[in-house]
Amino acid sequence: MAEVTLRQVVKRYGDVEAVRSIDLDIPNNEFVVLVGPSGCGKSTTLRMIAGLEEITAGDISIGGEVVNDLPPKDRDIAMVFQNYALYPHMTSFENMAFGLKLRKFPKAEIKQRVEHAARILDISELLDRRPKALSGGQRQRVAMGRAIVRNPKVFLFDEPLSNLDAKLRVQMRTEIKRVHQKVKTTTVYVTHDQVEAMTLADRVVVMNNGIIEQIGPPQELYHKPRTRFVAGFIGSPAMNFLPCTVESNGDALRVRLSDKIALPVPVSRAAQYRSAVGKEMTFGLRPEHVTEPKSGNGASGGDSDFAAVLDVVEPMGMETMVYFTINGTEVCARVDPNAAGEAGATMRLHANMDHMHLIDPATGLVL
Amino acid sequence: MSTAAVSVPSTRAQAKRSSLRRSRRWALVASYVFLILFAIFFLIPPYYMVVTAFKTDAEVAHMATNPWIIANGFTLDQFKILLTQTDFLIYFKNTAIVTVCVVCITMVVSVLAAFALGRMKFWGSGILATGIFLTYLVPDTLLFIPLFQIVKAVGLLNSYWGMILVYPTLTVPFCTWIMIGYFQSIPKELDEAALIDGAGHMQMLTKIFIPVALPGIIAATIFAFTVSWAAFVYPMAFLYSSDQQVLTVGTVTSLIRADVYKWGMLMAGALLAAAPPLIIYAFLMDYYIAGLTAGATKG
């Protein structure tokens, strides 16, 4: 077990800069998830930590030792791949034992380690089967077992659940979290699925265009995003973004979304947003904070209600998504199934402005 | 009205299904006809070879008997004479030695070359791979002239050891090409997993790639074996004494004297010579097809 440190790490492929001078400190035992859209540099970063990609500039340290020039086998890491990468001609036992055999561990210890890992992952009865005879979930467990038996300093996961169906993905997600709680090894996990990131991580690293947009615990990223990208990437359905102007209303402020809709800014945030008065800004509010009006919903002012003509209504069972437009921009609201009207009907909605975000469109930064 | 509305589409669907079934039946009939024709066409020469090998010389020479059946009794005389009174066994031994050596050399060279060219991406590897395949396109009927000088220079003219030197020019390029295709079809995560597990390149090759690419290796081995076993031009050009001769040329030169053809023994020799490749194909056919297909589609 060890801490992982990245210092101004750069990766260039010719003229293309895939990773742009990133800094990251992962303390011992932490589960860190790198998340971002395709091509954001998250897998490249993971592969650089693994030693499968050379770094163009900067330093990567594992356990305090700079590993820039060390081959993967000398970094004491284990990696789980998206397509499992199990050796097809070997049984599960042989797959898990392969790394230990190459490191010339005694046979008895290999057996003991493999059996221990198999017990953790509940695959003891699958040890004599080849990958072909295993289901996707079982293969992924064997791949994790191959990582666990090595007892490495760091676990690296490269989108390990992407090949599984939705149900199995949820099951394996819990399994990975359970395994981490048991073995407590420093873990770097790459995914493009923000739900996976939020549920698994101690801290989430959101990457975009080769840079780190924000690092923080899942709840912090959700409630206090620093950039528009993070605000939009974390959360499903995504945050609503609407162009707005901030108006002064005596001591108070309000956000004007259209001729008819101007929502009051909570008093506690007035000072924070005062500098934005008169400017074109972007207003952000998550769908769950646009609901049917009801008493005691945490609204700061009664002026936060407005009427909207529903374009699309999506019943989800325990909640219903309704879509409407404000000044041509589509907005999603998450309402009670009993309160939702039909498509084409007018519905009263309430914006919970305590959760609003105001974004400077020029910089993309949340004020 | 509603009954009519339902029954019209259902009648159409039935008609479509029936038309599909008819079309499939015709496709099957046509396939069977052509496959049977091809099978007959290609099986006639081996059948003729088998029938003639078990006839007496008198029956073979007697023009009035039906050549497609054994009319005057089954005999093993042709085999007895062939094995006891000719150099056939020497040819067989020489061919076996040459073939085993050529197959070994070919597989070592082509597996190593294919692993380097297919997996260890380096500058010029693509051009080199194409270059290797291009050498396969040069026919042995052109190559034997310059090779004659080389074989002579190294003192291996009229020695079957010379064949071990020259046959790989026919086998290595194609086998390398098959193996490149096969190695490239193996997911790259497999070598990355092996690297992280602590394997070096040689361990990766021997412990991961060779076992995983076994169908490809078997396909390449069968190809090398067949080429080496059936080679004709090189031994014809480079070997001239009977004790160094191989099956293909030896059988023909010793059993055809001017215009005298010893048909019975020729066919018996051909039958015995065809036996080893036939046995190998019969046991490894599935691997052979799997190997060739992978090479063809992923290469």
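In the predicted model, 33% of the 299 residues of chain B count as buried. The secondary structure of this chain consists of 14 helices and two strands. Chain B is more spread out than a compact globule, because its radius of gyration of 26 Å is well over the 19 Å that the globule rule gives for 299 residues. Along the principal axes, the C-alpha atoms of chain B fill a box of roughly 90 × 65 × 35 Å. Among the contacts in chain B with a separation of 6 or more, 78% are accounted for by residues 24 or more positions apart.

Chain A comprises 367 residues, of which 41% are buried. Nine helices and 21 strands make up the secondary structure of chain A. The C-alpha trace of this chain spans about 80 × 45 × 35 Å along its principal axes. For chain A, residues 24 or more positions apart contribute 67% of the contacts with a separation of 6 or more.

The two chains touch each other through 14 residues of chain B and 17 residues of chain A. On the side of chain B that touches chain A, the elements giving two or more residues are helix H9 (188-197) and helix H10 (201-212) of chain B. The largest share of this side, seven residues, is supplied by H9(B). Classified by residue type, the side of chain B that touches chain A contains nine nonpolar, two polar and three charged residues.

Within chain B, the packing of one helix pair was examined. Two packed helices are described by the angle between their axes and the distance between the axes. Helix H8 (residues 168-184) of chain B packs with helix H11 (residues 214-230) of chain B at an angle of about 165 degrees, and their axes are 9 Å apart. Angles over 145 degrees count as roughly antiparallel, and H8(B) and H11(B) are therefore roughly antiparallel to each other. The crossing of these two helices, H8(B) and H11(B), is right-handed.

From H8(B), the contact is formed by Leu170(B), Thr171(B), Phe174(B), Cys175(B), Ile178(B), Met179(B) and Tyr182(B). The residues of H11(B) that take part are Gly216(B), Ala219(B), Ala220(B), Phe223(B), Ala224(B), Val227(B) and Ser228(B). By class, eleven nonpolar and three polar residues are found in the contact of H8(B) with H11(B), and no charged residues.

Note on methods. Residues numbered from 1 in each chain as written. Chains lettered and ligands numbered in written order. Predicted model: local features only at pLDDT ≥ 70, side-chain atom pairs only at ≥ 80, totals over all residues. Helix = DSSP H or I, 4+ residues; strand = E, 2+ residues; numbered from the N terminus. Rg over C-alpha atoms; globule rule 2.2 N^0.38 Å. Buried ≥ 20, exposed ≤ 12 C-beta atoms within 10 Å, placed from the backbone. Contact = placed C-beta atoms within 7 Å. Nonpolar A, V, L, I, M, F, W, Y, C, P; charged D, E, K, R; others polar. Axes fitted to C-alpha atoms, helices over the stretch in contact; angles between N-to-C directions. Parallel < 35°, antiparallel > 145°, perpendicular 65-115°, else oblique. Left-handed = near helix turned anticlockwise from the far one by under 90°.
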